[in-house]
Amino acid sequence: MANEKQFPMTAAGKQKLEDELDFLKTIKRKEVVERIKIARDFGDLSENAEYDSAKEDQAFVEGRISTLESMIRNAVIIDENDMSNDIVRLGTTVTFVEVPDGDKESYTIVGSAEADPLEGRISNDSPIAKSMIGHTIGDRVKVLTPGGEMEIEIVSIS
């Protein structure tokens, strides 16, 4: 297991995962076990949709617990206080415009464990973040997306 994948994340992102793990272990796991007990009382398990559903939920919860434990164990915390704002890197917030006439967009580049594009956080593994990392304000960058190539200009980094 020496080669387990590392998960870069902020301290807040790690805390969010720890909170989810705690919820799954202390509350959700017990709820699912109780649903299984109740479903067993319905009789024949071979035709018991409630039992099947509860067992599926149990498998999902246990799988998520395992995933979260691995992510937390292999977390690499990004020190947001030890970053300069002159270059795009993990943990920075980047504002850019699509060239020639796009609107301004801003995203914080985070590890895959914290990514949530609707909340303005994109994974460092995403095409746009991969293209911007290492660049500075004013740089024009070509981004290969599933929809084709686009060019963006970095407007600010914070």
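A salt bridge is a side-chain nitrogen of Lys or Arg within 4 Å of a carboxyl oxygen of Asp or Glu. The views below show a predicted model, which holds eight salt bridges.

**View 1. The salt bridge between Arg64 and Glu20.** The closest N and O atoms of Arg64 and Glu20 are 2.8 Å apart. This pair links distant parts of the chain, with Arg64 in helix 2 (residues 49–73) and Glu20 in helix 1, 44 residues apart. Arg64 is partly exposed at 25% relative accessibility, and Glu20 is partly exposed at 28%.

**View 2. The salt bridge between Glu69 and Lys25.** The side chains of Glu69 and Lys25 meet at 2.8 Å, N to O.

**View 3. The salt bridge between Lys14 and Glu18 in helix 1.** In this pair the closest N and O atoms are 4.0 Å apart. Lys14 and Glu18 are separated by about one helical turn because they are four residues apart in helix 1. Lys14 has a relative accessible area of 24% and is partly exposed. Glu18 is partly exposed, with a relative accessible area of 31%.

**View 4. The largest pocket.** The space in the largest pocket is about 250 Å³. Its lining has 15 residues, and Gly13, Lys16, Ala113, Glu114 and Arg121 lie nearest the centre. Helix 1 (11–40) and strand 4 (104–110) each supply at least two lining residues; the largest share, five residues, comes from helix 1. By class, the lining has seven charged, five nonpolar and three polar residues.

Methods: Residues are numbered from 1 along each chain as its sequence is written. This is a predicted model: local features need pLDDT of at least 70, side-chain atom pairs count only at pLDDT 80 or more; totals for chains, interfaces and linings use all residues. Side-chain values use heavy atoms; hydrogens and water are left out. On a 1 Å grid over the protein atoms alone, a cavity is a set of points where a 1.4 Å probe fits but cannot get out, and a pocket is an open set with protein on both sides within 12 Å along at least five of seven lines; lining residues have an atom within 4 Å of a point. Grid points are joined across faces, edges and corners, and a volume is the space filled by probe spheres set on the points. Ala, Val, Leu, Ile, Met, Phe, Trp, Tyr, Cys and Pro count as nonpolar, Asp, Glu, Lys and Arg as charged, and the others, Gly among them, as polar. Buried means under 20% relative accessible area, exposed over 50%, partly exposed in between (1.4 Å probe, protein chains only).
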